Amino acid sequence: MSETNHVIVIGAGAAGMLAAIAAAREGAAVELWEQNEKPGKKLFITGKGRCNVTNACDMEELLGSVVSNSKFLYSSFYGFTNQDMMDLLEQAGLRLKVERGNRVFPQSDKSSDVISALSALLRQAGVRVCLNQKAEGLAVEEGVCKGVRCGGRIQTADRVIVATGGLSYPATGSTGEGHRMAREAGHTVTPLRGSLVPLRDYGLGRTLQGLSLRNVGLTVFEDKKKIYTDFGELLFTHFGVSGPLVLSASAHMRHFDKKTYRLEIDLKPALDEQALDKRLLRDFEEYRNKNLQNALGKLLPQKLIGSYVALTGIPGEKKVNQLTQAERGEMVRVMKDLPLTVSGFRPAAEGIITRGGVSVREIDPATMESKITKGLYFAGEVLDLDAVTGGFNLQIAWSTAYMAGSSIP
């Protein structure tokens, strides 16, 4: 094994596998260390087991979908694009498809096929994959990374790439070890929290547990300022709210320590207030002699009706034919702006990704090498980078990993 280009990559997740492939293609002798019994454990469960590998949007949207430190990614996104990643996988024999929102999936809908394609590329590149191999720390001397500590000894290396992931899904091995190693090497690690994470609510969430709402609108207010709006599906749970719409919204809610957040759910986004009022009149004509709480079955899920009526302030026993225009107006308002106050995030372990990480101010964006420790590189979720859902976070992993691997001298 050459003494001049021996590389150890720590972590065989998405970033680690691609960094190892890129480094080996540059001529390095690469060892890929993974503490689990197989590579890609988090990749396997990504996208509910389908693996949303990237997003096929243009570069402006790609960068615009990054919530933290998007400018840092300019070099890596252009250096290894979403199209480059799709080409790499298809050249490895993995057929892809593009779905709603430009989300890219394997045609088979099997994340295991993505892992198999990357494993094949690792073999072709000559990477030595070392499973059940746990790194205990970095060997750093006088500002230079000399290798990795393991089993009480030092495995020397000319370059080390840390691609250990964040804190989300700790059962897959993402337990923050890379952040500890970074701190020990002198790096700043910004506060770690979950992102794309469910939200706590002790009001409606508890009452409506198990109710799923499809095709609804969601608007997020930070104090009194509207900061995000989207359309899709959400789920009420025993602790609050979750579902794709809420997970995406959570990426924009970054200051629970000093600001308050309120959600407004539009139960009928396809109807404006005037059209919704006409719809109410039509339904009420049919149910004119019924109590209000028994006249909403065509408009709302049964489980939601009691909470909805309570929010309007109108007695549920009031006959429909006795409702005033003002009361009907209040019904329309609540249906378009169902309020939900959230108190915080669920634990980071429940997030799809981790917010925070190794400070990008201390990393060269063109190479992913540490500005503090020579020969030490970082890639993927261990860095302080995160994006909204839709394949963007995996593209961060691919692009930073490729830059780290291909920058090995």
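1. Glu 177 has a relative accessible area of 23% and is partly exposed (buried is under 20%, exposed over 50%, partly exposed in between; 1.4 Å probe, protein chains only). The model is predicted, so local features need pLDDT of at least 70 and side-chain atom pairs count only at pLDDT 80 or more, while totals for chains, interfaces and linings use all residues. Residues are numbered from 1 along each chain as its sequence is written, and side-chain values use heavy atoms, with hydrogens and water left out.

2. Glu 177 forms a salt bridge with Lys 134, at 3.9 Å from N to O (a salt bridge is a side-chain nitrogen of Lys or Arg within 4 Å of a carboxyl oxygen of Asp or Glu). This pair links distant parts of the chain: Glu 177 is in helix α7 (residues 177–184), and Lys 134 is in the loop between β7 (128–131) and β8 (137–141), 43 residues apart. Helices (H or I, at least four residues) and strands (E, at least two) are DSSP runs, numbered from the N terminus.

3. Lys 134 is partly exposed, at 39% relative accessible area.

4. Lys 97 makes a salt bridge to Asp 109 at 2.9 Å, N to O. Here too distant parts of the chain are linked: Lys 97 lies in strand β5 (residues 96–99) and Asp 109 in the loop between β6 (103–106) and α6 (111–125), twelve residues apart. Asp 109 is partly exposed, at 29%.

5. Lys 97 also pairs with Glu 99 in a salt bridge of 3.3 Å, N to O. Lys 97 is partly exposed at 24%, and Glu 99 is partly exposed at 29%.

6. The count by this rule is 21 salt bridges.
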